[in-house]
Amino acid sequence: MCGIVGYVGNQQALNIAVEALRRMEYRGYDSSGVAVAGAGTIAMAKRAGKLANLEDKITEVGADTLQGTTAIGHTRWATHGRPTDENAHPHMSFDGKVAIVHNGIIENFAPLRDKLERDGVELKSETDSEVAAHLLAQAYNEGDTQGDFRASALKVLNGLEGAFTLLFMHADHPDQIIAARRSTPLIVGVGEGEMFLGSDVAAFIEFTKQAVELGQDSVVSITADGYEIMNFDGSPAEGTEFTIDWDLEAAEKGGFDSFMMKEIHEQPAAVRDTLAGHWDGERVTLDENTISDTDLKSFNQVFVVACGSAYHSGLAAKYAIEHWVRIPVQIEVASEFRYRDPVLDERTLVLAISQSGETADTLEAVRHAKTQGAKVLAVCNTNGSQIPRESDAVIYTHAGPEIGVASTKAFLAQVAANYIVGLGLAQAKGTKYPDEIRAIWEELEWIPAKIEQVLQVREQIGQIAQTLGQVKTMLFLGRGVGFPIALEGALKLKELAYIHAEGFAAGELKHGPIALIEDDLPVVVIVPSPRGVSQLHSKIVSNIQEIRARGAKTIVIAEEGDTAVEPYSNWLIRIPQTPTIMQPLLATVPLQFLAADIALECGNEDIDKPRNLAKSVTVE
Ligand code: M6R
């Protein structure tokens, strides 16, 4: 996820900006850059790769060319456009007077870019961000906002759609930065005779502990002496001042004890950002997709290949795609795929799901699928990585960098992206009417707010984990799309707590695993909505009774208003009402908390780096 920094003050801004960027490194990035405003000019240095590359670039151009007391800086995590020098931020306007840095996605960048090109502006990068620099220069140079930095910035901001944090610097106003946030983070740091901006407080915690939180859709202007907050229409607005009581290490984790906890809490944004830009008001758009509608129509089967959590997200997709598209979906752990000689042809779509885009097993499965003539669509969280590079098309998940080895937000983003693919297929093949697709899309759009609600179970889960103490084994049961949730819950527990955990299809229990049930064995049960396929709900209620009768302690995850499960739950965790097919996006969250809390009970403090595991598994 991009990191943004800004400084206006009384010291050389370059060093402060580079230091602040160093504090943003933990967010994950593939390029970085700074721009410094001097008297009437703006100088810039940027480079793909690590911060060390930027420092080399600064040495090349000479730090003395980057003198000034106002600077903006950026660590980029590529979304639109590859990680290259040109695509790195800042971006400058055609007249060299404006520099901008941006985090988020400008969804209407394509028409804005077309208009700029028609106006004769030559764009230098492939990013969605660069348009903002040129638009500001145009607004400042002509019309009713001419010569007015603030009015020009507001004009540009009001023409942008999507989620963004933007910082604007203008050479004619070298002592000022104007910044805005809409759905992406931006915090103001208040020093003595100096002001800071950062994606989070880690950017400036070394320099000041006084900060201001901005409301949603806020614009802020900073100078060395202070800040002024306004709404997008220019009317005055307020922020909330606070004193940072974290140390630097905690600040990098957003105040959480671990990256994993931080990432669990980032899930509403991960799903929202993944959905963003894939609905044009009428239709699902697979805009990063180079598989044509004709191809989509022609597919008569889907194979999903993935590993670990990505595999579980694919299993959820199987239920959704078969239901929506009415074609068979086979799912295979990627490491087995090519060894069993699957039957593929040019009418087969292979969906390859990978957070890292580097997993060797999945990559080999992609290569095998291509040799068999199938089309490969990657779902990936890492721009420019190998799997999307070798696939025919890609849908990127926008979860931001995932640092915790156990996948959390990337998993939820994968489920969301897989569902986008499912809806795209249903639309192309006409297996769902447009109003049905719209209704499903609207349900998906509610999900981020519902995840926010689920995050409130944090405390309840902590208490459950404490009561359970150092458990030795745990089972997870689900039916239908609850089955992949059960598998994911069990995997999280194995990874973090190092205890035996298994997920089962609840109906399979009586065919063997029920022998494992003994007094006090904790069993998690994911209950489908009672408003859905009714037999599914009543069958799982029977399954809960069967295990309770044999002494199990049940931790039941059920939607609000489902009273049928109450008598059979030792612990009942509520999730908001949602169609059962969407449940993986909600019911997984308590299981992530549960695994983390049980791990801590078992004495595993470092949940970010479980033993024996690697974040990217690049060997078969
Ligand atoms: O990068 P990928 O999505 O391809 O990784 C796949 C698995 O290695 C990964 O999901 C792994 O299972 C996680 N540690 C699960 O938490």
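**View 1. Pairing of β22 with β23.** Strand β22 (residues 522-526) and strand β23 (residues 553-559) run parallel and are joined by five bridges. Val 524 stands opposite Ile 555 in β23.

**View 2. Open antiparallel sheet of six strands.** The order of this open sheet is β5-β6-β7-β8-β12-β13, and its pairing is antiparallel. Because β5 (91-92) and β13 (226-231) stand at the edges with a single partner strand each, one side of each is left without a neighbour in the sheet. Two bridges join β5 to the antiparallel strand β6 (residues 98-106). His 91 has Ile 100 in β6 as its bridge partner.

**View 3. Shell around the ligand.** The ligand is surrounded by 15 residues, the closest being Ser 354, Gln 355, Ser 356, Thr 359 and Glu 495; a residue is counted if one of its heavy atoms lies within 4 Å. By class, the shell has five nonpolar, eight polar and two charged residues; Asp, Glu, Lys and Arg count as charged, Ala, Val, Leu, Ile, Met, Phe, Trp, Tyr, Cys and Pro as nonpolar, and the others, Gly among them, as polar. Helices α10 (308-325) and α17 (482-497) each supply at least two residues of this shell, helices being DSSP runs of H or I with at least four residues.

View 4. Polar contacts are pairs of N or O atoms within 3.5 Å. A polar side-chain atom of Ser 354 lies 2.6 Å from a ligand oxygen atom, and a backbone N or O atom of Ser 309 lies 3.1 Å from an oxygen atom of the ligand. A polar backbone atom of Val 405 is 3.2 Å from a ligand nitrogen atom. The protein covers 90% of the 410 Å² of accessible area that the ligand has on its own (Shrake-Rupley method, 1.4 Å probe).

**Notes.** Residues are numbered from 1 along each chain as its sequence is written, and side-chain values use heavy atoms, leaving out hydrogens and water. For this predicted model, local features need pLDDT of at least 70 and side-chain atom pairs count only at pLDDT 80 or more, whereas totals for chains, interfaces and linings use all residues.

Methods:
A polar contact is a pair of N or O atoms within 3.5 Å; within protein, one must be able to donate a hydrogen and the other to accept it, and residues adjacent in sequence count only if both atoms are side-chain atoms. Two strands pair if DSSP finds at least two bridges between them.
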